[in-house]
Amino acid sequence: MSEKVTISVPAHLAPYVKPDAPLLEKMKVVSGGVTATPAERVTLLFFLCYDKNQEIKSAALAALKGLPLPLVADIHASPDTHPRLQELLARIYPLAAEAAIQADSSESEEIPAEPEAEAAEDPDEDSEEDPVAEDEAYQSKYQLAQSMGVGDKIKVALTGDKEWRSLLIKDSNKLVNSAVVKNPRITEPEILMIAKSVIQNEEILRIICHNKEWIKNYSIRKALVLNNKTPLPVALRFMGFLTEKDLLGMAKSRNISSVLANNARRMVSNKKRS
């Protein structure tokens with residue numbers, strides 16, 4: 001039985017190299033149609049070199065063989081690169097790998113232009129190890145969330161990273177999605193996006209409205225006024241801090257309540273008189 005090699009892949013990229021991913025999705029990696037850093041794309045190509053589909057495998061290997069040599073040297077020399085990927089790159093680009101190893105002693109030495117053709121062999125021919133992504137990334141956080149109970153989701157919502165927050169803010173359980181805005185790591189740009197979104201849980205907006213630091217941000221305050229789920233007394237109070245230009249826009253808007261639109265017209269009228 002082959003040994004499994006665990007390599008971390010960003011959650012948003014893991015679906016492209018899953019065994020059951022559509023062929024067209026995998027080909028996006030090969031063609032460079034996936035938004036990823038050069039190092040991330042090389043890692044994805046490494047996965048696809050072990051794909052069960054021979055067409056994908058051959059295309060991925062060909063893409064690796066066509067990488068710029070300076071990039072190969074940088075990735076091979078990086079301490080973040082998995083040893084199995086380093087081995088494959090060394091077999092495809094033996095001279096570039098050697099140059100990367102010697103870089104510390106001679107930074108000005110040029111990397112040889114062409115690897116030997118026989119070095120670019122199929123990685124399956126002499127390796128019993130197939131790469132698998134780390135559970136959290138490979139399954140994707142969405143899949144993990146499907147198997148989690150409410151209690152676990154709340155814990156992750158309170159402590160998780162940006163990817164977890166963006167996922168769990170959409171959770172149907174109000175205890176879970178409201179816990180996201182209590183996460184101490186959440187940022188103002190995230191709060192702004194939440195304030196602009198269609199939210200079913202009004203508790204989220206109440207939490208935002210009561211945070212003195214967040215409502216100092218003009219964009220957040222304006223978004224709260226425009227959000228139909230914001231409590232009306234709070235929206236009316238925040239209108240007093242908006243610019244005349246924004247009030248004029250609200251006075252003409254059909255996307256807000258008539259109470260707010262009428263109040264905006266009244267405030268604009270008063271400003272013109274003064």
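Rings of Phe, Tyr and Trp (for Trp, the six-membered ring) are taken as a pair if their centres lie within 6.5 Å, and the pair is called stacked with planes under 30 degrees apart, edge-to-face with planes over 60 degrees apart, and tilted for the rest. By this rule the count comes to 2 aromatic pairs in what is a predicted model, where local features need pLDDT of at least 70, side-chain atom pairs count only at pLDDT 80 or more, and totals for chains, interfaces and linings use all residues. Residues are numbered from 1 along each chain as its sequence is written, and side-chain values use heavy atoms, with hydrogens and water left out.

A pair of aromatic rings is described by the distance of the centres and the angle of the planes. The table gives both values for each pair.

| Pair | Centre to centre | Angle between planes | Class |
|---|---|---|---|
| Phe 46 and Phe 47 | 6.3 Å | 70 degrees | edge-to-face |
| Phe 46 and Tyr 50 | 5.3 Å | 75 degrees | edge-to-face |

Phe 46, Phe 47 and Tyr 50 form one aromatic cluster. Buried is used here for under 20% relative accessible area, exposed for over 50%, and partly exposed for values in between (1.4 Å probe, protein chains only). Phe 46 counts as buried because its relative accessibility is 1%, Phe 47 is buried with a relative accessible area of 6%, and Tyr 50 is buried at 8%.

Asp 246 lies in helix α16, residues 244-252, helices being DSSP runs of H or I with at least four residues and strands runs of E with at least two, numbered from the N terminus. With a relative accessibility of 16%, Asp 246 counts as buried. Leaving aside neighbours within four places in sequence, Asp 246 is in contact (heavy atoms within 4.5 Å) with Tyr 218 and Lys 222. The side chains of Asp 246 and Lys 222 also make a polar contact at 3.1 Å, a term for a pair of N or O atoms within 3.5 Å where, within protein, one must be able to donate a hydrogen and the other to accept it, and where residues adjacent in sequence count only if both atoms are side-chain atoms.

Leu 236, in helix α15 (residues 232-239), counts as partly exposed because its relative accessibility is 31%.

For the protein as a whole, there are 17 helices and 2 strands, and 43% of the 274 residues count as buried. Among contacts between residues at least 6 apart in sequence, 58% join residues at least 24 apart.
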